[in-house]
Amino acid sequence: MGKEESYELGPRGPAPPKAPKGRGRRKKEQLEDMKKEMDVGLVGAVAAERLLRDGPNELRPPRGTPECVKFGRQLAGGLQCLMWVAAAICLIAYGVQEGQGDRGSADNLYLAIALIAVVVVTGCFGYYQEFKSTNIIASFKNLVPQQATVIREGDKLQINANELVVGDLVEIKGGDRVPADIRIISAQGCKVDNSSLTGESEPQTRSPECTHDSPLETRNIAFFSTMCLEGTATGLVINTGDRTIIGRIASLASGVENEKTPIAIEIEHFVDIIAGLAIFFGATFFVVAMVIGYPFLRAMVFFMAIVVAYVPEGLLATVTVCLSLTAKRLARKNCVVKNLEAVETLGSTSVICSDKTGTLTQNRMTVAHLWFDNQIHTADTTEDQSGQSFDQSSETWTLLSRVVTLCNRAQFKSGQENVPVAKREVIGDASETALLKFAEVTVGTVSEARGRFPKVAELPFNSTNKFQLSVHTAGDRQLLVLKGAPERVLERCSTVMIKGQELPLDAQWREAFEGAYADLGGRGERVLGFCARWLPAGTVAAGTDPEALPEVAVGLCFAGLVAMIDPPRATVPRAVLKCRTAGIRVIMVTGDHPITAKAIAAAVGIISEGSETPEDVAARLRVPLEQVDPRQARARVVTGAELAGMEPGVLEGILRAHPEMVFARTSPQQKLVIVESCQRLGAIVAVTGDGVNDSPALKRADIGVAMGIAGSDAAKNAADMILLDDNFASIVTGVEQGRLIFDNLKKSIAYTLTKNIPELTPYLIYITASVPLPLGCITILFIELCTDIFPSVSLAYERAESDIMHLKPRNPRRDRLVNEPLAAYSYFQIGAIQSFAGFTDYFVAMAQEGWWPLLCLGLRPRWEDTHEQELQDSYGQQWTFEQRRYQQYTCYTVFFISIEMCQIADVLIRKTRRLSLLQQGLFRNHILVIAIVFQVSIGCFLCYCPGMPNIFNFMPIRFQWWFVPMPFGLLILIYDEIRKLGVRRHPGSWWDRELYY
Amino acid sequence: MATLNEKKTCSERMENFRRFVWNPETKLFMGRTLINWVWISLYYLAFYVVMTGLFALSIYSLMRTVNPYEPDYQDQLKSPGVTLRPDVYGDRGLQIYYNISENKTWERLVTTLQTFLTAYTPAAQHLNVNCTGDKYFIQDTFDGPNNTKLSCKFTSDMLQNCSGIADPTFGFPEGKPCFIIKMNRIIKFYPGNGTAPRVDCTYVGDESRPLEVDYYPVNGTFNLHYFPYYGKKAQPTYSNPLVAVKFLNITRNVELKIVCKIIGAGITFDNVHDPYEGKVEFKLKIED
């Protein structure tokens, strides 16, 4: 980012007008002036001038793509391009034929119009879908303008935060959002929540001292859009708008290119196959036509027609509808998808890089463990307090709980009696809040207990003492309670309470204490010590100077330790486990401390039980870290500092060597680097996060998943998917749905592709054998865009054939959406059977109307001669041109019905790729059954609706011609069952390799 | 994904393609080993042999079930088409234009008629029987030779003035040309419901202006004994009955639109989609 050169820590521009200064003034006096100015603030006019210069103090929304470009993108996908080319070819063919004065050339025009219409309509659909989800996301934005307290010309003003300028003097207090990057001038107990920026869950103290060279680490800078949790502070605005740290990260995110989604890559691959086959077929038959002796232009028109016939017009609609159905299903499960194609991406994900705070954890401190009676007790950290409680019968617990209750300044906001404790709002810092809630849940109403033991005197926590103590009246005695950093607390204790007995604090107990402290600290928890002492009444009088209190607090009785942590969400461990069984690697990437990160990783299962880091191995084997074989350590924690020192390529090696990775103390750029490294290893990476610091990584990821409730706008903008309930477990649902839709899309595509062959062969036979055209262009359009759409979409509702969550993620290089066996099986086997069905029915209809098959061969020139009004059929009857034309329409219809009948069999076989149809359940997919009924009804309507012959070239055909293709349909069913049987029985065999798609 | 997205140069693509066609390391030809290609080809060969066999079987059984004498359905042949001789097509339908003073222009037309009538010479018709009854010639049995049915004789002399016997130029040089109207054959079609259908020629759109026409045979009727037609197999020597029309008062140097309809029950001439059903329209222009 190059902070040094561009991030200035101080007001810029001309100095504000100062009191008139005479010559020879001394530096000290100038400083005095500046101090005065500090109190006075900026002059309104200067502020206005700077506002004009720097622009308003707000993040420029990422330059949104113009709506027309968004729409244009919807029209320029792989399939769309294929269809544009096809439409262009149609128009050329139309032009050529029109130029030749050819009758029936209007078909090509219709085809071109239909192709363009399909692209535009699906484009509108996709655009609408994107527009809708963008709207859902936009509704999260907080539209209420933020207010800031600013001092200008000595007056305290409330202005809109976006009017702040560099050099403004602002005041912040607990509950405020920091209105800009400010340097703290004075602070009283000010703490800010930097979690969205750095990932630290703990509140950070802000004070005027500069403690670090890095602006991110130093204490005297509070950042734009972070929360001030408590205390007050005054500061100078040093940067506004996009020049703030947050603004920088946001612009870093917008600089990251969006990756192509895996499904888009798959579709491009598929378009390559289609285009290749189309041109191969077209060229072959062009040559054939030339050899047969057609004129060049005519052969050219044939070529174009074949290429166009290869375009699966219905596929685009199918894919779009399937994806949006899944998007809708996901939305019901609280995953909103911004980009339709992202639906599938989650399914092919092989690595999830998850942020810790707020994603894996609850983002609130909670009491996790207690140590008393020389034993570590586990507290309930679940979000809904459904966990097990510990043994509370000990006397020691009575004392400890009393100290916890009394030595606490936090309190619930009023009027929340009916709210569950965990959800109540509290005034106080995070640890005190945790303790207050803990006490309320385990002991009972805290306010009542505090009422019984009125406070006499109190010394609040400060960084010198590192403890907090208070004295309470307890009947005829006084109770002194103290909590604080454990080692400081222990210094003041002389006894320890074990099972209600006060025992002298000897070396043995000290050791026990040290052990417990180290243990809890090692779990990444923040540990506090608690102790108490009974005092005779009147030892401390009301109104005693708090500074005198520490003198009384000696010889205390140690009660116990309480350890707090931001605990993992309850659903996360199971979700992580599910990801593991699904072959997805979960990597934690956080800005938080390594110890905390490791502890949480272990708690949620990112580092599984028994896995060791190199450090652990070194400690176990008592060897230096350098001698540890990385292969011995499954897990590894890498900090941002180590990452910064790594040579390029080293990170990939580490990612390969250790399956369980935790990255701690990482900066936004490093998150980006981690994601890119994973991608270089060939993984499809999902990133989950909520903070601003996650947004570049979210953008870079193949799929970025942002949290809907806790997530910042920057994160949501960068993400492709949003979890409305912030539940990591929803990702697992997403993965499952994504995998299902990949499988089902495969089936849909196989179904859709199959009929391409029976649509194409009539034309090929027409060219080579010169039979009357068996299938017309408009009829093909009806198959593609009308009757077959619903069944192909209904396959999206098919349930999974096996437990897809126990399979490995698909390998994007090997497991393609459309692979060779799929194309070959659909085109050259099922498609071939369908073609035979169509031709059988065609010849039946022709023969029964008077045209025997042998007569049909070579009949085309006379059949299509418009001047021939007395063409003899096989019985000697004479037909006019128009009578022949209607006979041709009858053939179209018969061929259409044949394809439909076979497609019913086809949709049934596509329900499964491996299982038998009977194992899957023939009628369990109700939508599919309805789709078949619908398909047949449309077929009937097209055939028997009056007027159809002259509008869409459908004839009311004889009823029995519906049955001619049925044996072929049955053949398809049986043949596919045999195929599946072979695939199931002989996995890995030649049969499996060639026929399993 | 980065590796998957790399833009390849054209030469790289060609190289990849070459490796796809023949990969010397893995011995793969177009993604398969040669033996694998043999296997897959054999599989497909077997598959297509079986499918073709099934298809052939279907067609064979179709031909076994099809009636050799008459078609199962005549859905498109509700009403017969009508044709005209001589038939010269212009941009839009039949156009008979000729110039009396230029022999070449009408000799073509005359030749067409003469060629057409060669099928109606007594020699060509010698296998057919003479029919006299003005009723449908219904034959339920095969009375003809070789298990066929009999067909009635139609000879060109029945066309009298337009037979080309008395006037081999069919009246073309005089500006009173003969045209021959023929009705298409439809199996077991009974035109006219007992009364013989007749040809009626008028100007198109202008029915009031009289068109003077001589019809041959008399009244321009198709005698009922030529119907019904029993099909090629039953009546191999059947020939369509003809009606000749001779236009007597054709205005010279004007393009005239004439329609000849066949009037009779069961014959429709008002199908908007088929201009040759039950009628024939043509343009006639005689120049001098």
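Across all chains, the count of salt bridges comes to 40. Keep in mind that this is a predicted model. The idea behind these pairs is simple: side chains of opposite charge can pair when their charged atoms come close.

**Stop one: a pair in chain A.** Select A:Lys455 and A:Glu458. They form a salt bridge, with the closest N and O atoms 3.0 Å apart. A:Lys455 is partly exposed, at a relative accessible area of 43%, and A:Glu458 is partly exposed too, at 21%.

**Stop two: across the chains.** Now pick B:Arg32 and A:Glu820. Their side chains meet in a salt bridge of 3.0 Å, N to O. This pair crosses between chains: B:Arg32 sits in the loop between strand E2 (28–29) and helix H3 (34–65) of chain B, while A:Glu820 is in helix H31 of chain A. Is B:Arg32 buried or exposed? B:Arg32 is buried, because its relative accessible area is 8% and buried means under 20%. A:Glu820, at 48%, counts as partly exposed.

**Stop three: a network.** Select A:Glu266, A:Glu344, A:Arg810 and A:Arg816 together. What links them? A network of salt bridges does.

**Stop four: back to helix H31.** Which side chain does A:Gln848 touch in a polar contact? Show A:Gln848, in helix H31 (residues 820–849), and you'll find its side chain in a polar contact of 2.9 Å with that of A:Trp961. A:Gln848 counts as buried, at 12% relative accessibility.

**Stop five: out to the surface.** Select A:Lys132, A:Lys328, A:Arg332 and A:Lys333, which gather in a patch of positive charge on the surface. One of them, A:Arg332, belongs to helix H11 (residues 313–332) and is exposed, with a relative accessible area of 66%.

Next, jump to A:Pro956, in the loop between helix H37 (948–952) and helix H38 (966–985) of chain A. A:Pro956 is exposed as well, at 53%. Its C-alpha atom is 26 Å from that of A:Thr754, 202 residues away along the chain.

Definitions and conventions
Residues numbered from 1 in each chain as written. Chains lettered and ligands numbered in written order. Predicted model: local features only at pLDDT ≥ 70, side-chain atom pairs only at ≥ 80, totals over all residues. Heavy atoms only, no water. Patch = residues over 30% accessible without salt bridge, like charges linked within 9 Å, V, L, I, M, F, W, Y side chains within 5 Å. Areas by Shrake-Rupley, 256 points an atom, 1.4 Å probe, with all protein chains shown as cover. Salt bridge = Lys/Arg side-chain N within 4 Å of Asp/Glu carboxyl O. Lys, Arg positive; Asp, Glu negative; His and termini not counted. Charge placed at Lys NZ, Arg CZ, Asp CG, Glu CD. Helix = DSSP H or I, 4+ residues; strand = E, 2+ residues; numbered from the N terminus. Buried < 20%, exposed > 50% of the residue type's maximum accessible area, 1.4 Å probe, protein only. Polar contact = N/O pair within 3.5 Å; in protein donor to acceptor, adjacent residues only side chain to side chain.
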